[in-house]
Amino acid sequence: MTLNSVVLASIFSIENLQDPNTELWVKGLFVVIIGLIGVFLVLFLFFLTIVLMQKISEAVIGRKTKKAQKSQV
Amino acid sequence: MLEVLKEIFNGIVFFGQGDNWKALIMYVIGGVLIYLAIKKEYEPALLLPIGFGAILVNLPWSVAGIPTAYQLIDNVFQMGPDKTAASGFLKVLFDAGIANELFPILIFVAIGAMIDFTPLFKNPYMIFFGAAAQFGIFATFFVTLMLLPLFGIVGFDALKLASAVGIIGAADGPTTLFVASHYKLITYLGPISVAAYSYMSLVPIIQPPVIRLLTSKKERMIRMDYHEEPVSKTIKILFPILVTVIAGILVPMSVPLVGSLMFGNLIRECGVLENLSQTAQHELANIITLLLGITIGATMTASEFINPVTGMILLLGLFAFVFDTAGGVLFAKFLNIFLKRKINPMIGAAGISAFPMSARVVQKMAKKEDPTNFVLMQAISANAAGQLGSIVAGGLVIALVDLLVKVN
(Lines give C-alpha, C1' and ligand atoms only; values in the text may rest on other atoms or scores of the structure.)
Protein backbone atom coordinates (compact mmCIF):
# COMPACT_ATOMS: atom_id res chain seq x y z
CA MET A 1 0.00 0.00 0.00
CA THR A 2 1.51 3.31 -1.03
CA LEU A 3 1.51 6.39 1.13
CA ASN A 4 -1.01 7.98 -1.24
CA SER A 5 -3.50 5.24 -0.55
CA VAL A 6 -3.00 5.46 3.20
CA VAL A 7 -3.53 9.22 3.38
CA LEU A 8 -6.37 9.02 0.95
CA ALA A 9 -8.18 6.25 2.74
CA SER A 10 -8.05 8.18 5.97
CA ILE A 11 -9.49 11.38 4.56
CA PHE A 12 -11.70 10.55 1.62
CA SER A 13 -13.78 7.56 0.76
CA ILE A 14 -12.17 6.04 -2.32
CA GLU A 15 -15.37 4.45 -3.48
CA ASN A 16 -17.10 7.80 -3.35
CA LEU A 17 -14.33 9.49 -5.29
CA GLN A 18 -14.27 6.79 -7.93
CA ASP A 19 -17.99 7.09 -8.44
CA PRO A 20 -18.63 8.76 -11.83
CA ASN A 21 -21.54 10.64 -10.26
CA THR A 22 -19.35 12.39 -7.70
CA GLU A 23 -18.98 16.09 -8.48
CA LEU A 24 -15.88 16.92 -10.48
CA TRP A 25 -14.82 19.64 -8.08
CA VAL A 26 -14.73 17.16 -5.20
CA LYS A 27 -12.38 14.93 -7.17
CA GLY A 28 -10.35 17.96 -8.16
CA LEU A 29 -10.07 19.18 -4.60
CA PHE A 30 -8.94 15.74 -3.51
CA VAL A 31 -6.11 15.73 -6.09
CA VAL A 32 -5.12 19.29 -5.15
CA ILE A 33 -4.99 18.68 -1.39
CA ILE A 34 -3.36 15.27 -1.40
CA GLY A 35 -1.08 16.27 -4.28
CA LEU A 36 0.27 19.35 -2.51
CA ILE A 37 0.70 17.51 0.78
CA GLY A 38 2.40 14.68 -1.10
CA VAL A 39 4.87 16.97 -2.87
CA PHE A 40 5.86 18.62 0.42
CA LEU A 41 6.11 15.27 2.17
CA VAL A 42 8.29 13.62 -0.46
CA LEU A 43 10.56 16.65 -0.73
CA PHE A 44 10.75 16.79 3.06
CA LEU A 45 12.07 13.23 2.98
CA PHE A 46 14.61 14.25 0.33
CA PHE A 47 15.59 17.09 2.68
CA LEU A 48 16.05 14.66 5.57
CA THR A 49 18.11 12.41 3.30
CA ILE A 50 20.46 15.27 2.43
CA VAL A 51 20.80 16.43 6.03
CA LEU A 52 21.35 12.90 7.28
CA MET A 53 23.99 12.19 4.64
CA GLN A 54 25.77 15.42 5.55
CA LYS A 55 25.75 14.55 9.25
CA ILE A 56 27.14 11.08 8.56
CA SER A 57 29.73 12.51 6.22
CA GLU A 58 30.82 15.10 8.81
CA ALA A 59 31.07 12.41 11.48
CA VAL A 60 33.19 10.19 9.24
CA ILE A 61 35.48 13.08 8.30
CA GLY A 62 35.74 14.08 11.98
CA ARG A 63 36.66 10.53 12.97
CA LYS A 64 39.27 10.32 10.22
CA THR A 65 40.78 13.64 11.29
CA LYS A 66 40.94 12.51 14.92
CA LYS A 67 42.60 9.25 13.87
CA ALA A 68 45.14 11.12 11.80
CA GLN A 69 45.88 13.49 14.69
CA LYS A 70 46.29 10.57 17.10
CA SER A 71 48.67 8.74 14.80
CA GLN A 72 50.73 11.95 14.45
CA VAL A 73 50.93 12.27 18.21
CA MET B 1 -8.53 13.33 -68.39
CA LEU B 2 -10.29 14.99 -65.48
CA GLU B 3 -9.38 12.06 -63.30
CA VAL B 4 -5.75 12.34 -64.31
CA LEU B 5 -5.69 16.07 -63.56
CA LYS B 6 -7.42 15.45 -60.28
CA GLU B 7 -4.83 12.86 -59.40
CA ILE B 8 -1.94 15.12 -60.32
CA PHE B 9 -3.31 18.21 -58.62
CA ASN B 10 -4.96 16.45 -55.74
CA GLY B 11 -3.21 18.81 -53.37
CA ILE B 12 -5.18 21.74 -54.74
CA VAL B 13 -8.39 19.73 -54.72
CA PHE B 14 -7.66 18.92 -51.09
CA PHE B 15 -8.04 22.55 -50.04
CA GLY B 16 -11.38 22.76 -51.73
CA GLN B 17 -12.83 20.00 -49.62
CA GLY B 18 -14.65 20.67 -46.37
CA ASP B 19 -12.65 22.69 -43.88
CA ASN B 20 -9.25 21.78 -45.23
CA TRP B 21 -8.50 25.48 -45.55
CA LYS B 22 -7.62 25.16 -41.88
CA ALA B 23 -4.40 23.52 -43.03
CA LEU B 24 -3.35 26.94 -44.31
CA ILE B 25 -3.73 28.31 -40.78
CA MET B 26 -1.49 25.52 -39.56
CA TYR B 27 1.19 26.58 -42.06
CA VAL B 28 1.02 30.06 -40.55
CA ILE B 29 1.19 28.64 -37.00
CA GLY B 30 4.12 26.42 -38.03
CA GLY B 31 5.77 29.47 -39.61
CA VAL B 32 5.27 31.53 -36.45
CA LEU B 33 6.87 28.80 -34.33
CA ILE B 34 9.83 28.62 -36.72
CA TYR B 35 10.08 32.44 -36.63
CA LEU B 36 10.05 32.47 -32.82
CA ALA B 37 12.71 29.76 -32.78
CA ILE B 38 15.05 31.45 -35.23
CA LYS B 39 14.44 35.16 -34.71
CA LYS B 40 13.60 35.28 -31.01
CA GLU B 41 15.52 32.12 -30.04
CA TYR B 42 12.61 30.87 -27.89
CA GLU B 43 13.53 27.20 -27.23
CA PRO B 44 14.72 26.85 -30.86
CA ALA B 45 15.68 23.20 -30.41
CA LEU B 46 12.04 22.36 -29.90
CA LEU B 47 9.93 25.08 -31.44
CA LEU B 48 11.63 24.77 -34.82
CA PRO B 49 11.05 21.01 -35.22
CA ILE B 50 7.50 21.42 -33.83
CA GLY B 51 6.79 24.20 -36.32
CA PHE B 52 8.15 22.21 -39.23
CA GLY B 53 6.30 19.09 -38.10
CA ALA B 54 3.07 21.11 -37.97
CA ILE B 55 3.57 22.15 -41.59
CA LEU B 56 4.59 18.65 -42.67
CA VAL B 57 1.59 16.89 -41.22
CA ASN B 58 -0.90 19.29 -42.76
CA LEU B 59 0.32 18.85 -46.31
CA PRO B 60 -2.15 17.10 -48.56
CA TRP B 61 -1.20 13.50 -49.08
CA SER B 62 1.73 13.88 -46.82
CA VAL B 63 3.49 10.59 -46.51
CA ALA B 64 4.95 11.69 -43.25
CA GLY B 65 2.17 12.21 -40.84
CA ILE B 66 0.51 10.65 -37.95
CA PRO B 67 -3.11 11.19 -38.28
CA THR B 68 -4.30 13.16 -40.94
CA ALA B 69 -6.99 15.42 -41.77
CA TYR B 70 -7.43 13.89 -45.17
CA GLN B 71 -8.02 10.40 -43.89
CA LEU B 72 -11.11 11.79 -42.33
CA ILE B 73 -12.55 13.48 -45.37
CA ASP B 74 -14.47 12.09 -48.20
CA ASN B 75 -13.89 8.90 -50.05
CA VAL B 76 -12.05 10.45 -52.97
CA PHE B 77 -9.23 11.11 -50.61
CA GLN B 78 -9.57 7.95 -48.66
CA MET B 79 -8.46 6.00 -51.67
CA GLY B 80 -5.36 8.11 -52.19
CA PRO B 81 -1.93 6.95 -51.21
CA ASP B 82 -3.23 5.29 -48.21
CA LYS B 83 0.24 4.07 -47.69
CA THR B 84 0.36 7.57 -46.28
CA ALA B 85 -0.43 8.27 -42.75
CA ALA B 86 -0.51 4.75 -41.49
CA SER B 87 3.05 4.12 -42.51
CA GLY B 88 4.47 7.65 -42.34
CA PHE B 89 7.84 7.99 -40.65
CA LEU B 90 6.39 10.33 -38.06
CA LYS B 91 3.81 7.74 -37.18
CA VAL B 92 6.65 5.29 -36.63
CA LEU B 93 8.42 7.83 -34.41
CA PHE B 94 5.20 8.57 -32.58
CA ASP B 95 4.58 4.92 -31.79
CA ALA B 96 8.22 4.38 -30.86
CA GLY B 97 8.70 7.37 -28.59
CA ILE B 98 5.57 9.25 -27.60
CA ALA B 99 2.80 6.67 -27.38
CA ASN B 100 4.92 4.56 -25.06
CA GLU B 101 6.37 7.58 -23.15
CA LEU B 102 9.94 6.66 -24.12
CA PHE B 103 11.20 10.02 -25.44
CA PRO B 104 10.34 12.04 -22.31
CA ILE B 105 12.04 9.38 -20.19
CA LEU B 106 15.21 9.47 -22.29
CA ILE B 107 15.22 13.27 -22.09
CA PHE B 108 15.22 12.90 -18.32
CA VAL B 109 18.34 10.74 -18.44
CA ALA B 110 19.99 13.59 -20.35
CA ILE B 111 18.69 16.25 -17.94
CA GLY B 112 19.87 14.19 -14.97
CA ALA B 113 23.35 14.09 -16.46
CA MET B 114 23.26 17.88 -16.81
CA ILE B 115 22.09 18.76 -13.29
CA ASP B 116 24.50 19.53 -10.51
CA PHE B 117 22.73 19.20 -7.17
CA THR B 118 25.72 20.58 -5.24
CA PRO B 119 24.10 23.99 -4.56
CA LEU B 120 21.09 22.16 -3.13
CA PHE B 121 23.31 20.10 -0.82
CA LYS B 122 24.77 23.37 0.46
CA ASN B 123 21.30 24.86 1.09
CA PRO B 124 19.10 21.81 1.72
CA TYR B 125 16.20 23.85 3.12
CA MET B 126 15.81 25.38 -0.34
CA ILE B 127 14.18 22.10 -1.35
CA PHE B 128 10.90 23.36 0.11
CA PHE B 129 10.74 26.09 -2.52
CA GLY B 130 10.81 23.30 -5.09
CA ALA B 131 7.61 22.06 -3.46
CA ALA B 132 5.91 25.43 -2.96
CA ALA B 133 6.43 26.45 -6.56
CA GLN B 134 4.34 23.47 -7.68
CA PHE B 135 1.28 25.28 -6.36
CA GLY B 136 0.51 26.52 -9.88
CA ILE B 137 0.20 22.94 -11.14
CA PHE B 138 -2.57 22.15 -8.71
CA ALA B 139 -4.30 25.53 -9.01
CA THR B 140 -4.35 25.21 -12.80
CA PHE B 141 -5.48 21.61 -12.56
CA PHE B 142 -8.47 22.71 -10.52
CA VAL B 143 -9.34 25.72 -12.69
CA THR B 144 -9.06 23.60 -15.85
CA LEU B 145 -11.28 20.97 -14.32
CA MET B 146 -13.93 23.60 -13.67
CA LEU B 147 -13.67 25.05 -17.18
CA LEU B 148 -13.60 21.87 -19.25
CA PRO B 149 -17.32 21.08 -18.93
CA LEU B 150 -17.92 24.38 -20.77
CA PHE B 151 -16.16 22.77 -23.73
CA GLY B 152 -18.11 19.55 -23.45
CA ILE B 153 -15.30 17.62 -21.77
CA VAL B 154 -16.54 15.99 -18.59
CA GLY B 155 -15.91 13.11 -16.21
CA PHE B 156 -12.64 11.25 -16.28
CA ASP B 157 -11.66 12.77 -19.63
CA ALA B 158 -11.71 16.14 -17.90
CA LEU B 159 -9.54 14.81 -15.05
CA LYS B 160 -6.96 13.48 -17.51
CA LEU B 161 -6.80 16.63 -19.61
CA ALA B 162 -6.73 18.88 -16.53
CA SER B 163 -3.73 16.86 -15.23
CA ALA B 164 -1.73 17.49 -18.39
CA VAL B 165 -2.69 21.17 -18.57
CA GLY B 166 -1.81 21.68 -14.89
CA ILE B 167 1.60 20.09 -15.35
CA ILE B 168 2.47 22.78 -17.92
CA GLY B 169 3.03 24.92 -14.82
CA ALA B 170 5.89 22.68 -13.78
CA ALA B 171 7.92 24.53 -16.43
CA ASP B 172 9.13 21.10 -17.27
CA GLY B 173 8.46 20.04 -20.85
CA PRO B 174 9.34 16.33 -20.54
CA THR B 175 7.11 15.87 -17.46
CA THR B 176 4.26 17.58 -19.27
CA LEU B 177 4.76 15.30 -22.26
CA PHE B 178 5.00 12.28 -20.01
CA VAL B 179 1.65 13.04 -18.37
CA ALA B 180 -0.03 13.82 -21.70
CA SER B 181 1.35 10.61 -23.22
CA HIS B 182 0.34 8.62 -20.17
CA TYR B 183 -3.27 9.65 -20.70
CA LYS B 184 -3.03 9.22 -24.48
CA LEU B 185 -4.08 12.83 -25.05
CA ILE B 186 -2.87 12.71 -28.64
CA THR B 187 -5.35 15.35 -29.77
CA TYR B 188 -4.02 17.85 -27.26
CA LEU B 189 -0.35 16.88 -27.35
CA GLY B 190 0.43 19.69 -29.80
CA PRO B 191 -1.03 22.63 -27.86
CA ILE B 192 0.15 21.22 -24.52
CA SER B 193 3.74 20.88 -25.75
CA VAL B 194 3.75 24.23 -27.50
CA ALA B 195 2.45 25.89 -24.32
CA ALA B 196 4.95 24.07 -22.08
CA TYR B 197 8.01 24.82 -24.18
CA SER B 198 7.16 28.31 -25.36
CA TYR B 199 6.26 29.56 -21.87
CA MET B 200 9.42 27.93 -20.55
CA SER B 201 11.42 30.12 -22.88
CA LEU B 202 9.32 33.11 -21.83
CA VAL B 203 10.24 32.77 -18.13
CA PRO B 204 12.31 36.02 -18.25
CA ILE B 205 9.19 37.81 -19.47
CA ILE B 206 6.51 36.06 -17.38
CA GLN B 207 8.19 35.95 -13.96
CA PRO B 208 9.47 39.52 -13.26
CA PRO B 209 6.06 41.28 -13.30
CA VAL B 210 4.57 38.62 -11.00
CA ILE B 211 7.52 38.88 -8.59
CA ARG B 212 7.37 42.69 -8.61
CA LEU B 213 3.65 42.62 -7.95
CA LEU B 214 4.03 40.41 -4.88
CA THR B 215 7.16 41.90 -3.30
CA SER B 216 8.26 45.29 -2.06
CA LYS B 217 11.57 46.87 -3.03
CA LYS B 218 12.76 46.31 0.54
CA GLU B 219 12.01 42.59 0.26
CA ARG B 220 13.77 42.33 -3.08
CA MET B 221 16.86 43.85 -1.50
CA ILE B 222 17.12 41.25 1.28
CA ARG B 223 20.59 39.73 1.40
CA MET B 224 21.17 36.09 2.15
CA ASP B 225 24.22 34.33 3.53
CA TYR B 226 25.83 31.62 1.51
CA HIS B 227 28.20 29.12 3.08
CA GLU B 228 30.74 27.58 0.80
CA GLU B 229 31.10 24.11 2.25
CA PRO B 230 32.61 21.15 0.45
CA VAL B 231 30.23 18.36 -0.52
CA SER B 232 31.67 14.86 -0.44
CA LYS B 233 31.57 12.67 -3.51
CA THR B 234 29.84 9.95 -1.49
CA ILE B 235 26.86 12.25 -0.87
CA LYS B 236 26.67 13.10 -4.55
CA ILE B 237 26.63 9.40 -5.44
CA LEU B 238 24.24 8.28 -2.71
CA PHE B 239 21.72 11.07 -3.31
CA PRO B 240 20.36 9.85 -6.69
CA ILE B 241 20.12 6.27 -5.41
CA LEU B 242 18.33 7.19 -2.18
CA VAL B 243 15.98 9.64 -3.88
CA THR B 244 14.98 6.96 -6.39
CA VAL B 245 14.28 4.48 -3.61
CA ILE B 246 12.28 6.98 -1.53
CA ALA B 247 10.24 8.19 -4.51
CA GLY B 248 9.78 4.61 -5.67
CA ILE B 249 8.35 3.52 -2.34
CA LEU B 250 6.19 6.58 -1.73
CA VAL B 251 5.04 7.49 -5.23
CA PRO B 252 5.63 4.50 -7.53
CA MET B 253 4.15 6.37 -10.49
CA SER B 254 7.01 8.85 -10.35
CA VAL B 255 9.65 6.15 -10.76
CA PRO B 256 10.00 6.43 -14.54
CA LEU B 257 10.64 10.16 -14.17
CA VAL B 258 12.66 10.21 -10.95
CA GLY B 259 14.50 7.00 -11.86
CA SER B 260 15.62 8.21 -15.27
CA LEU B 261 16.59 11.65 -13.94
CA MET B 262 18.59 10.11 -11.11
CA PHE B 263 20.14 7.50 -13.38
CA GLY B 264 21.47 10.33 -15.53
CA ASN B 265 22.68 12.13 -12.41
CA LEU B 266 24.42 9.02 -11.09
CA ILE B 267 26.26 8.62 -14.40
CA ARG B 268 27.41 12.22 -13.99
CA GLU B 269 28.48 11.99 -10.37
CA CYS B 270 30.03 8.51 -10.23
CA GLY B 271 33.20 9.84 -11.83
CA VAL B 272 34.01 6.72 -13.83
CA LEU B 273 31.55 7.16 -16.72
CA GLU B 274 32.63 10.47 -18.14
CA ASN B 275 32.02 9.31 -21.72
CA LEU B 276 28.50 8.16 -20.95
CA SER B 277 27.80 11.34 -19.03
CA GLN B 278 28.96 13.47 -21.95
CA THR B 279 26.95 11.35 -24.39
CA ALA B 280 23.80 11.71 -22.30
CA GLN B 281 24.30 15.47 -21.96
CA HIS B 282 24.94 16.10 -25.61
CA GLU B 283 24.25 13.36 -28.18
CA LEU B 284 21.32 11.74 -26.40
CA ALA B 285 19.74 15.09 -25.48
CA ASN B 286 20.13 16.41 -29.03
CA ILE B 287 18.84 13.32 -30.82
CA ILE B 288 15.80 12.90 -28.59
CA THR B 289 15.00 16.63 -28.68
CA LEU B 290 15.12 16.55 -32.46
CA LEU B 291 12.86 13.51 -32.76
CA LEU B 292 10.56 14.70 -30.00
CA GLY B 293 10.00 18.10 -31.56
CA ILE B 294 9.11 16.94 -35.03
CA THR B 295 6.93 14.11 -33.73
CA ILE B 296 4.96 16.50 -31.51
CA GLY B 297 4.61 18.88 -34.42
CA ALA B 298 3.16 16.02 -36.42
CA THR B 299 0.29 15.68 -33.96
CA MET B 300 -0.84 19.20 -34.82
CA THR B 301 -3.32 18.43 -37.54
CA ALA B 302 -5.58 21.33 -38.44
CA SER B 303 -8.77 19.48 -37.63
CA GLU B 304 -7.61 18.77 -34.11
CA PHE B 305 -5.49 21.80 -33.32
CA ILE B 306 -7.84 24.55 -34.39
CA ASN B 307 -10.52 24.47 -31.75
CA PRO B 308 -11.45 26.44 -28.62
CA VAL B 309 -9.81 23.91 -26.28
CA THR B 310 -6.41 24.73 -27.81
CA GLY B 311 -6.93 28.39 -26.92
CA MET B 312 -7.93 27.42 -23.41
CA ILE B 313 -4.85 25.20 -23.00
CA LEU B 314 -2.52 27.99 -24.13
CA LEU B 315 -4.19 30.47 -21.78
CA LEU B 316 -4.20 28.14 -18.79
CA GLY B 317 -0.58 27.20 -19.41
CA LEU B 318 0.29 30.85 -18.87
CA PHE B 319 -1.95 30.90 -15.80
CA ALA B 320 -0.02 27.88 -14.45
CA PHE B 321 3.34 29.63 -14.84
CA VAL B 322 2.04 32.75 -13.11
CA PHE B 323 0.63 30.76 -10.19
CA ASP B 324 3.79 28.69 -9.81
CA THR B 325 5.80 31.87 -9.50
CA ALA B 326 3.27 33.38 -7.09
CA GLY B 327 3.16 30.18 -5.03
CA GLY B 328 6.94 30.21 -4.52
CA VAL B 329 7.11 33.92 -3.66
CA LEU B 330 4.18 33.78 -1.25
CA PHE B 331 5.63 30.70 0.46
CA ALA B 332 8.88 32.59 1.09
CA LYS B 333 6.92 35.55 2.46
CA PHE B 334 5.00 33.18 4.71
CA LEU B 335 8.25 31.70 6.06
CA ASN B 336 9.58 35.20 6.68
CA ILE B 337 6.82 35.74 9.25
CA PHE B 338 8.54 33.15 11.46
CA LEU B 339 12.19 33.57 10.51
CA LYS B 340 14.67 35.89 12.18
CA ARG B 341 17.01 35.88 9.21
CA LYS B 342 14.68 36.77 6.37
CA ILE B 343 14.70 35.04 3.02
CA ASN B 344 14.63 37.10 -0.15
CA PRO B 345 11.13 36.14 -1.35
CA MET B 346 12.23 36.25 -4.97
CA ILE B 347 14.08 32.98 -4.30
CA GLY B 348 10.69 31.29 -4.10
CA ALA B 349 10.04 32.10 -7.75
CA ALA B 350 13.13 30.09 -8.70
CA GLY B 351 11.47 26.94 -7.36
CA ILE B 352 10.06 26.17 -10.80
CA SER B 353 11.78 23.70 -13.05
CA ALA B 354 13.07 26.10 -15.73
CA PHE B 355 16.74 25.49 -14.96
CA PRO B 356 18.81 27.69 -14.73
CA MET B 357 16.76 30.39 -16.43
CA SER B 358 14.56 31.11 -13.44
CA ALA B 359 17.52 31.46 -11.07
CA ARG B 360 19.13 33.91 -13.48
CA VAL B 361 15.94 35.97 -13.62
CA VAL B 362 15.91 36.20 -9.81
CA GLN B 363 19.59 37.17 -9.65
CA LYS B 364 19.07 39.81 -12.34
CA MET B 365 16.17 41.32 -10.42
CA ALA B 366 18.12 41.29 -7.15
CA LYS B 367 21.05 42.98 -8.84
CA LYS B 368 18.77 45.61 -10.32
CA GLU B 369 17.59 46.61 -6.84
CA ASP B 370 21.03 46.40 -5.29
CA PRO B 371 24.04 45.84 -7.58
CA THR B 372 26.02 44.29 -4.71
CA ASN B 373 23.36 41.72 -3.76
CA PHE B 374 24.24 38.18 -4.83
CA VAL B 375 21.49 35.55 -4.45
CA LEU B 376 22.33 33.38 -7.45
CA MET B 377 23.51 30.34 -5.50
CA GLN B 378 20.38 30.27 -3.33
CA ALA B 379 18.24 30.70 -6.41
CA ILE B 380 20.10 27.90 -8.19
CA SER B 381 19.48 25.66 -5.15
CA ALA B 382 15.74 26.38 -5.32
CA ASN B 383 15.82 25.86 -9.07
CA ALA B 384 17.46 22.42 -8.71
CA ALA B 385 14.83 21.58 -6.11
CA GLY B 386 12.21 22.64 -8.63
CA GLN B 387 13.45 19.89 -10.94
CA LEU B 388 12.72 17.35 -8.23
CA GLY B 389 9.46 19.01 -7.21
CA SER B 390 8.04 19.01 -10.72
CA ILE B 391 8.64 15.32 -11.38
CA VAL B 392 7.31 14.35 -7.96
CA ALA B 393 4.24 16.50 -8.63
CA GLY B 394 3.86 14.87 -12.05
CA GLY B 395 4.07 11.40 -10.54
CA LEU B 396 1.61 12.32 -7.80
CA VAL B 397 -0.93 13.79 -10.19
CA ILE B 398 -0.78 10.61 -12.32
CA ALA B 399 -1.03 8.39 -9.24
CA LEU B 400 -4.01 10.27 -7.83
CA VAL B 401 -5.93 10.65 -11.08
CA ASP B 402 -5.23 7.01 -11.96
CA LEU B 403 -6.66 6.07 -8.61
CA LEU B 404 -9.85 7.98 -9.35
CA VAL B 405 -10.12 6.57 -12.85
CA LYS B 406 -9.10 3.00 -11.96
CA VAL B 407 -12.44 1.35 -11.37
CA ASN B 408 -14.14 2.95 -14.33
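Predicted model: local features only at pLDDT ≥ 70, side-chain atom pairs only at ≥ 80, totals over all residues.
**Stop 1: where the chains meet**

Select chains A and B. Their contact takes 29 residues from chain A and 42 residues from chain B. Now look at the side of chain B that touches chain A. Five helices of chain B each supply at least two residues there: H11 (127–132), H12 (135–147), H13 (155–167), H18 (233–250) and H25 (376–405). Which helix gives the largest share? Highlight H25(B): eleven residues come from this helix. Colour this side of chain B by class, and you will find 34 nonpolar, seven polar and one charged residues.

**Stop 2**

Two packed helices are described by the angle between their axes and the distance between the axes.

Select residues 203–214 of chain B for H16 and 308–338 of chain B for H22. Their axes come within 9 Å and cross at roughly 40 degrees. That angle makes H16(B) oblique to H22(B). The crossing is right-handed. Show side chains next. H16(B) brings B:Ile206, B:Gln207, B:Val210, B:Ile211 and B:Leu214 to the contact. Across from them, H22(B) contributes residues including B:Phe321, B:Thr325 and B:Val329. This contact has nine nonpolar, two polar and no charged residues.

**Stop 3: H9 and H14 of chain B**

Move to residues 102–114 (H9) and 173–182 (H14) of chain B. The axes lie 8 Å apart, at an angle of about 155 degrees. H9(B) and H14(B) are therefore roughly antiparallel. Their crossing is left-handed. Pick out B:Pro104, B:Ile107 and B:Phe108 on H9(B). They meet B:Pro174, B:Leu177, B:Phe178 and B:Ser181 of H14(B). By class, the contact has six nonpolar, one polar and no charged residues.

Methods. Residues numbered from 1 in each chain as written. Chains lettered and ligands numbered in written order. Contact = placed C-beta atoms within 7 Å. Helix = DSSP H or I, 4+ residues; strand = E, 2+ residues; numbered from the N terminus. Nonpolar A, V, L, I, M, F, W, Y, C, P; charged D, E, K, R; others polar. Axes fitted to C-alpha atoms, helices over the stretch in contact; angles between N-to-C directions. Parallel < 35°, antiparallel > 145°, perpendicular 65-115°, else oblique. Left-handed = near helix turned anticlockwise from the far one by under 90°.
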